[in-house]
Amino acid sequence: MQEEITLTRDVEAIQIPSGDTLTLPIGTPVFITQRLGGTFTVATSGGLARISSTDADALGVDLAEQKEKQAEAERLKDAPVDEQVWAQLKEVYDPEIPVDIVNLGLVYDCAIEEQDGKKTVAIKMTLTAPGCGMGPAIAADAQSKIMTIDGIEDAQVELVWDPAWNQDMISEEGKMKLGMI
């Protein structure tokens, strides 16, 4: 059974599925329905919302998980840039699905270019449904995670619709998490 949490301060959030920004005021009761990719999906009386991990304290959440991720980030510092990019993309989640965008098969292309000593990353990805209002938020999340990599000058995430996504694109790991196999 989920425990009701009362926000200890005002929190900026993104409404699901519209993608609109809203402020959840101090004292708002919420239930955490998903905690993945450094964000929290919460149920409120007004529906679902996504809260950033930077506001975890307002939820009363201990970020020990963040320490584990920092250790992984240290390990990846010396890894090839492409491995670092894919690792960051695996930290991006659709707030309604408990599988990262890589294992959902949403990332179609990842190109890393270096020109004049500056590295840029271009991602082409899709969504499970073309009308998803969270698309811009998911793309922005992917871009911001890539930009945390040392040496990346710029990252662009383009939402594309060809080919159309289907469940066959989900990795075996993703299918296991979703109980499909």
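Me: Which residue meets Arg-9 in a salt bridge?
Reply: First, a note on the source: this is a predicted model, where local features need pLDDT of at least 70 and side-chain atom pairs count only at pLDDT 80 or more, while totals for chains, interfaces and linings use all residues. Residues are numbered from 1 along each chain as its sequence is written, and side-chain values use heavy atoms, with hydrogens and water left out. A salt bridge here is a side-chain nitrogen of Lys or Arg within 4 Å of a carboxyl oxygen of Asp or Glu. At 2.7 Å from N to O, the side chain that meets Arg-9 is that of Asp-57.

Me: How many residues apart are Arg-9 and Asp-57?
Reply: Arg-9 sits in the loop between β1 and β2 (11-16), and Asp-57 is in helix α1 (residues 56-59). Those names come from DSSP runs, numbered from the N terminus: helices are H or I with at least four residues, strands are E with at least two. So the pair links distant parts of the chain, and the separation is 48 residues.

Me: What about Arg-50 and Asp-141: are they buried or exposed?
Reply: These two form a salt bridge, with the closest N and O atoms 3.8 Å apart. Arg-50 is in strand β6 and Asp-141 in helix α4, 91 residues apart. Arg-50 has a relative accessible area of 9% and Asp-141 has 10%, so each counts as buried.

Me: And how many salt bridges does the structure hold?
Reply: Another one joins Glu-83 and Arg-75, whose closest N and O atoms are 3.7 Å apart. Glu-83 is partly exposed at 35%, and so is Arg-75 at 48%. The count for the structure is six.

Me: Which residue in β6 is the bridge partner of Thr-44?
Reply: Strand β5 (residues 39-44) and strand β6 (residues 47-52) are antiparallel and share six bridges. In β6, the partner of Thr-44 is Gly-47.

Me: Which residue in β9 is the bridge partner of Val-121?
Reply: Seven bridges join β8 (residues 118-125) to β9 (residues 152-159), and these strands run parallel. Within β9, Val-121 is partnered by Ala-155.

Me: How wide an arc do the buried residues of α3 cover?
Reply: In helix α3 (residues 81-89), the buried residues are Val-81, Gln-84, Val-85, Gln-88 and Leu-89. They lie on the same side of α3 because of the arc they cover around the axis. That arc is taken from the directions from the helix axis to the C-beta atoms, and it is only 135°.

Terms used:
Two strands pair if DSSP finds at least two bridges between them. Buried means under 20% relative accessible area, exposed over 50%, partly exposed in between (1.4 Å probe, protein chains only).
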